[in-house]
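Before reading on, please take a moment to look over the structure shown here.

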Amino acid sequence: MSPAQLDMRAGKSADLILRNVTVLDPVAGIDSQHDLVVRDGRIAELAGPGAASTDGLEEIDAAGLHAFPAFFDPHVHLRVPGQEHKEDIETGTRAAAAGGFSGILAMANTAPPVSTPADIESLREAARSAASVRVGFLATVTNAMAGEELTEMAFLREAGAIGFSDDGLPIRSARLLRRALQYQHLCGGTIALHEEDPELSGAGVMHEGAVSATLGLEGIPSVSESTMIARDAALAGYEGGRIHVQHLSASESVEAVRVAKAAGVQISCEASPHHLCLTDEAVRSLDPHRHKMNPPLRTEADRQALIEGLRDGTIDCVATDHAPHAPEEKEVPFEQAAMGVTGLETAFAALHTDLVLPGVLDLGLLVERMSGGAAPFDVARSSLAPGSEANIALCDLTAEWTVGENGYESRSSNSWCGGQRLTGQVVMTLAGGQVTYRLRTFSLGVAA
Amino acid sequence: MRHLLSIGDLSKAEIEAILDRAESFAEVGRRNIKKVPTLRGRTVVTLFYESSTRTSSSFELAAKRLSADLVSVKAAGSSVDKGESLKDTVATLSAYEPAAIVIRHPHAGAAQLVAGWADAAVVNAGDGKHEHPSQALLDVYTLRRRLGALKDKRIWIVGDVLHSRVARSNLIAFKAMGAKLTVCGPPALIPRGLEELGCEVEYSLDQLGEADVVYALRLQRERMQESFIPSIREYATHFQIDSRRLGRRQLLMHPGPVNRGVELSGEVIDSPQSLISEQVASGLVVRMAILYELLAAGDETPVPATGDGAGQPTPIGQPA
């Protein structure tokens with residue numbers, strides 16, 4: 001199968017040298033210092049440090065900086081169409097570029113949801129004029145996410161839908177999901193699943209446990225997620241279908257995916273930075289801006305299980321579930337606030353700060369998982385091997401910054417780590433062969 | 001004390017200081033003129049998004065007894081009906097420069113949000129199923145008058161703990177005062193993980209005899225529709241506190257309003273062990289003490305204690 005085609009704005013192909021940069025691409029097996037030469041938007045050469053001739057290229061002193069294969073986020077809410085007050089293609093992809101991403105997948109739970117070929121075509125056209133990273137669009141599995149009938153999956157695929165998801169809602173009916181998995185044999189397209197049993201979740205707003213008991217908030221039990229994963233993995237196994245489980249939050253869920261993978265089911269899954277860094281203890285703040293999302297923050301044991309899953313490969317990738325919301329949707333009591341937090345601009349820095357620096361996760365492993373979300377959707381993974389298209393995240397691993405101190409590229413500010421001090425910063429991003437992000441820097445020139 | 005948002009924000013000493021203050025207001029309540037000028041010229045806003053008899057009336061009367069100007073807003077019939085957000089409502093009321101805002105809201109954390117938006121001292125008069133700190137204070141006050149210290153007393157909280165903000169605040173307050181705690185009710189109405197608040201959990205009343213105090217909670221009749229319990233009849237059979245179950249030396253409390261014949265039988269409500277009316281009376285003086293503590297403590301000039309010396313509460317000013 002040929003790699004899926006994602007869309008972005010056409011622009012000037014990059015021509016530059018990252019001089020003395022540390023190149024780390026675990027998949028290509030590169031971990032050494034080079035002059036990384038980009039010509040006409042492609043990686044032309046990994047020369048020895050200081051060896052590449054300038055040759056009219058922009059020269060960037062990258063000594064002390066790291067070049068990683070740019071990241072891929074399979075779970076972003078761009079809010080187009082219908083909720084452009086939260087985010088749009090331009091602001092959302094700018095946020096992605098600022099986070100070192102070169103590609104993202106946009107969820108279909110917009111207003112109205114993306115359920116027709118015309119929706120996909122118009123979104124792709126919009127991305128070609130406004131997106132500063134490559135964007136792929138998912139279509140809904142069921143018409144208008146009503147959970148009643150399948151969308152025209154084959155037509156949607158022909159229009160360019162990368163895959164399918166009713167994200168935001170589970171597919172309640174096992175029969176309907178089974179039909180979609182059968183139909184997948186005709187049209188392809190991974191089905192991404194928001195796993196939650198609505199009967200068990202009820203009106204829950206946070207993890208069910210000691211903290212919810214103390215706060216008097218209705219809980220969402222871990223088994224709400226894990227039982228649906230077990231059900232859907234069994235269906236995928238039975239039909240030979242291909243599913244991707246979104247935003248794992250509970251240890252039981254990691255175990256359910258592990259069992260399914262061992263049984264040979266075509267199943268992949270993702271975990272989000274906020275679930276890897278925070279627990280339900282944070283909800284004691286009752287801060288809806290930073291700590292209200294679905295699935296909810298769970299316990300330390302769950303967080304450890306997610307980290308272990310990421311380490312042993314049960315969890316394929318990091319996905320931000322970037323979910324922008326307007327201030328008025330969050331400046332309300334916790335139970336009334338909209339679910340979701342933004343995460344594109346902080347994903348790498350937060351995980352680097354909380355997991356890599358304390359020695360919990362190896363840097364190479366994090367870099368690998370940060371673009372691991374491409375494969376489940378047949379998207380080509382970024383690579384720093386010579387000849388590849390230039391998709392590069394240039395990072396300063398020692399830079400410290402405070403999240404939100406200079407605002408956000410995103411239109412929304414409901415970052416789960418707003419105000420936190422992070423170590424590690426994306427200073428430049430190349431996506432699709434173009435320079436799409438440069439950290440604004442301020443330096444005093446020497447008086448002449 | 002800047003705000004009263006959670007009972008957990010108060011130390012044992014701070015709780016006792018408020019209760020001591022309430023004792024002195026009880027003395028004011030025995031005068032012919034039950035009013036003191038402490039808060040003259042200051043404004044107290046009560047903002048109630050949920051129905052209430054006891055809490056709203058006692059906070060309002062407490063403010064009046066302290067000579068504050070009172071603005072009383074009920075969500076029903078206000079701009080809230082027109083869709084005004086909590087934040088905008090608070091901004092509007094803040095234009096009157098209130099010294100205190102007393103808020104009840106159906107959702108957890110509302111009082112805390114208001115405290116972030118307003119300059120006024122904020123009193124949480126109940127936020128969702130989260131907390132009801134003034135209730136906890138008045139319950140500790142009521143028990144302290146009866147029992148002296150709460151240390152090592154065994155208190156059973158019985159009923160719908162899951163949906164009860166009173167249970168949460170009281171567990172914290174009773175524990176701070178050194179009591180030993182048991183919660184009891186049908187399993188679906190005991191929140192998972194509650195033991196971590198430092199209480200025992202029982203699913204039957206078999207061991208109720210060990211309790212010094214039985215604190216019954218209101219059971220909302222609609223809980224049956226949501227399958228938390230199979231029927232009111234079965235609930236009452238297993239969990240109703242009646243004269244058969246309540247021993248002579250055990251004290252009975254309930255935050256009100258009572259469902260007669262459900263969580264309590266009629267005869268125990270009116271029994272000598274029942275503290276329910278005392279709880280209501282305590283509500284007034286404790287809420288006076290809360291407003292005083294937030295708005296006037298520190299302003300006062302110490303007045304020599306009348307009567308028998310140490311441990312005596314600070315006297316309050318002369319009648320207005």
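How many bridges join strand S1 (residues 43-48) of chain B to S2(B)? In this predicted model, the two strands run parallel and are joined by six bridges. One point at which this pairing can be followed is Val45(B), whose bridge partner in S2(B) is Val71(B).

These two strands belong to an open sheet of four strands in chain B, which follow one another in the order S2-S1-S3-S4 with parallel pairing. The edges of the sheet are formed by strand S2 (69-74) and by S4 of chain B, each of which pairs on one side only. When direction is ignored, neighbouring strands of the sheet are turned by 10° against each other on average.

At the S4 side of the sheet, strand S3 (residues 100-105) of chain B pairs with S4(B) in the parallel sense, over five bridges, and within this pair Val102(B) has Val123(B) of S4(B) as its bridge partner. The path between these strands also involves a helix, for S3(B), helix H4 (residues 110-117) of chain B and S4(B) together make a right-handed β-α-β unit. Although S4(B) is an edge strand that pairs on one side only, seven of the seven residues of this strand (residues 121-127) are buried, so S4(B) is largely enclosed by the rest of the structure.

Along the principal axes, the C-alpha atoms of chain A fill a box of roughly 70 × 50 × 40 Å. Of the 448 residues in this chain, 60% count as buried, and among the contacts with a separation of 6 or more, 77% are between residues 24 or more positions apart.

Gly418(A) lies in the loop between strand S16 (392-402) and strand S17 (421-431) of chain A. Ala14(A), by contrast, is 404 residues apart from Gly418(A) in sequence, and their C-alpha atoms are 32 Å apart in space.

Key: Residues are numbered from 1 along each chain as its sequence is written. Chains are lettered from A and ligands numbered from 1 in the order in which they are written. This is a predicted model: local features need pLDDT of at least 70, side-chain atom pairs count only at pLDDT 80 or more; totals for chains, interfaces and linings use all residues. A residue is buried if 20 or more other C-beta atoms lie within 10 Å of its own, exposed if 12 or fewer, and partly exposed in between; C-beta atoms are placed from the backbone. Two strands pair if DSSP finds at least two bridges between them. A crossover is right-handed if, with the strands pointing away from the viewer, the path from the first strand over the helix to the second runs clockwise. Two residues are in contact if their C-beta atoms, placed from the backbone, lie within 7 Å. Axes are lines fitted to C-alpha atoms, for helices over the stretch in contact, and angles run from 0 to 180 degrees between N-to-C directions.
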